[in-house]
Amino acid sequence: MPRRESDVYPNLEMPGSPTPAADAGSAPSTTESAPAPEPAGSGGEFDGAPDDEEMPLADHVEEMATRLFIVLAVMAGVAVLALPYSDELINFLWYSFLDGPAENCARIAVDAAQGGQAAGPSGADCPHVYSPLALLLARLKVASLVGLIVALPVFVYQTYLFMRPGLYPNERRYYLAAVPTSLVLAAVGVAFAYFLVLRAMFDYFITYSDRAADLAFGLSETFNLIILMLGFFAIVFQIPLFVMLAIMMGLVTRQWLVQRRLYFWGAFAAIAFVFSPDPTGMAPLMVAVTMIGLFEGTLLLLKWTGTSSPIPSSETLVNRRPYAYLLFALVGYVLSPLPVPTGYYGALPSALTGPLAAIGFAPSIVVGGGIIGLFELTAYLNKNYYGSAKLWRGLRRVRLPVWTVAIVVGYLSTPDPTLFRLVDQFGLPLSAAAGTAVALLLLFEGSLLVVRRGSSEGSEE
């Protein structure tokens with residue numbers, strides 16, 4: 001549907017709207033001194049942005065294909081440049097999460113060739129090649145991952161060029177600012193997967209499987225998981241960018257997203273469980289929680305600023321000061337050597353954990369999903385059979401906290417909450433953790449001072 005000009009430029013009057021000059025005996029309005037701009041279309045409608053023009057569908061498809069080709073060409077070109085360094089990247093990624101180093105695996109292979117026997121376990125999680133093309137495909141995958149990360153901002157910029165004729169000036173500025181932001185978010189997503197997600201996953205897999213079998217890591221299967229998680233999180237961390245763009249460009253509002261947040265939660269969970277190759281449920285759970293956390297964090301940031309911009313005003317910073325102090329204290333606690341939750345897997349009945357361990361199913365899904373299922377079943381029965389409006393309003397009000405608590409409780413029911421153990425491993429001395437919290441507090445107060453000074457200078461002008 002065509003947008004009205006007043007929807008984008010609210011200060012402009014629509015042609016044909018009544019003015020004080022139209023009233024008999026009234027003084028001429030000052031707004032009549034300048035003629036109102038003529039709309040591009042007829043009937044008081046503004047047909048599009050200033051540079052918008054109609055194009056045949058075939059031209060649109062051709063332009064879209066051309067810009068997609070540019071993105072793929074950049075991705076392929078970067079992948080070709082990264083290919084000569086693929087072996088070093090493979091070793092770096094492999095032995096970042098598994099025992100090594102690579103020299104041990106090379107020595108084991110040489111000893112096995114001289115003795116005429118297959119190499120056995122010797123303290124190193126060496127990659128095993130089970131097909132002739134496994135190593136070649138691994139090289140292509142790691143090079144393609146580098147190309148994907150570099151091509152993400154190119155993709156954002158090409159979509160901007162494709163949509164530019166239909167965008168208003170303020171929308172163009174938002175889109176252009178998203179190009180470097182996309183690269184930064186992709187790098188943060190890869191770092192998040194590298195330092196946290198993959199380490200937790202492999203730690204969990206080894207602990208989960210080592211009690212039942214001798215582990216031998218196939219190059220293709222293991223490296224597929226590493227590449228998929230790194231690339232997937234580079235894309236997942238674009239969620240805040242897309243939410244911000246949609247809100248700033250007026251496509252949706254924060255309230256609209258809040259009212260439909262459970263639909264997004266369900267979509268994130270479905271995507272995570274479809275594209276995460278892990279039958280134990282550990283990888284899909286971490287991906288789903290990350291996607292939901294990014295989505296909710298973006299909405300919380302917009303609520304915190306009180307506007308559609310992620311940059312808060314000085315008044316907003318002052319009003320949110322207690323929450324900021326609480327967050328800094330939590331960061332200091334997490335970084336300190338103080339104890340963190342250890343889970344309660346041992347307290348679960350063996351009648352539940354035994355069958356789940358036999359079929360390779362994670363207790364976190366059963367416990368967390370069971371809580372959510374019981375809550376939603378209660379809401380369904382009340383809505384369709386009992387019909388208490390008061391109970392229905394109460395259930396709607398606590399739905400989000402119940403889902404959040406269910407996810408946390410479900411994760412604590414895992415055999416070994418690896419995330420908390422990783423927090424203990426990266427713990428800082430108590431003085432350093434307290435210094436970090438104080439530094440964050442000083443940075444917050446310094447930012448507040450700068451924002452206040454900028455606001456006062458702007459008001460004086």
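This is a predicted model: local features need pLDDT of at least 70, side-chain atom pairs count only at pLDDT 80 or more; totals for chains, interfaces and linings use all residues.

Biologist: Which residues of H2 are buried?

Modeller: The buried ones in H2 are Glu-63, Arg-67, Val-71, Val-78, Ala-79 and Ala-82. Buried means under 20% relative accessible area, exposed is over 50%, and partly exposed is in between, with a 1.4 Å probe and protein chains only. Helices (H or I, at least four residues) and strands (E, at least two) are DSSP runs, numbered from the N terminus.

Biologist: Zooming out, how many helices and strands does the protein have?

Modeller: It has 18 helices and two strands. Buried residues make up 34% of the 461 residues. Among contacts between residues at least 6 apart in sequence, 75% join residues at least 24 apart.

Biologist: Okay, H3 again. At what angle do H3 and H7 pack?

Modeller: About 90°, with their axes 11 Å apart. Axes are lines fitted to C-alpha atoms, for helices over the stretch in contact, and angles run from 0 to 180 degrees between N-to-C directions. H3 and H7 are therefore roughly perpendicular to each other. For the labels, under 35 degrees is roughly parallel, over 145 roughly antiparallel, 65 to 115 roughly perpendicular and the rest oblique.

Biologist: Which residues meet there?

Modeller: From H3 you have Ile-90, Leu-93, Trp-94 and Phe-97, and they meet Leu-219, Thr-222, Phe-223, Ile-226, Ile-227 and Leu-230 in H7. By class, that contact has nine nonpolar, one polar and no charged residues. Ala, Val, Leu, Ile, Met, Phe, Trp, Tyr, Cys and Pro count as nonpolar, Asp, Glu, Lys and Arg as charged, and the others, Gly among them, as polar.

Biologist: New topic: how many aromatic pairs are there?

Modeller: A search of the whole structure finds 13. One of them is Phe-192 with Phe-233: the centres are 5.7 Å apart and the planes at 45°, so that pair is tilted. Rings of Phe, Tyr and Trp (its six-membered ring) pair if their centres lie within 6.5 Å; planes under 30 degrees apart are stacked, over 60 edge-to-face and the rest tilted.

Biologist: Where do those two Phe residues lie?

Modeller: Phe-192 is in helix H6 (residues 169–209) and Phe-233 in helix H7 (residues 219–236), so the pair ties together parts that are 41 residues apart in sequence. Phe-192 is partly exposed at 27% relative accessible area, whereas Phe-233 is buried at 0%.

Biologist: What about Tyr-194 and Phe-195?

Modeller: Their ring centres are 4.9 Å apart with the planes at 90°, so the pair is edge-to-face. Tyr-194 is buried at 11%, and Phe-195 is partly exposed at 48%. Elsewhere, ring pairs link Trp-256, Phe-264, Phe-268 and Phe-295 into a cluster.

Biologist: Where's Gln-238, and is it buried or exposed?

Modeller: Gln-238 is in the loop between H7 and helix H8 (239–248). Gln-238 is buried, with a relative accessible area of 2%. Leaving aside neighbours within four places in sequence, Gln-238 is in contact with Leu-152, Ser-182, Leu-185 and Ala-186.

Biologist: And how many residues of H8 are buried?

Modeller: Eight of its 10, so H8 is mostly covered. Just after H8, Gly-250 takes a positive phi of about 80°.

Terms used
Residues are numbered from 1 along each chain as its sequence is written. Side-chain values use heavy atoms; hydrogens and water are left out. Contact means heavy atoms within 4.5 Å.
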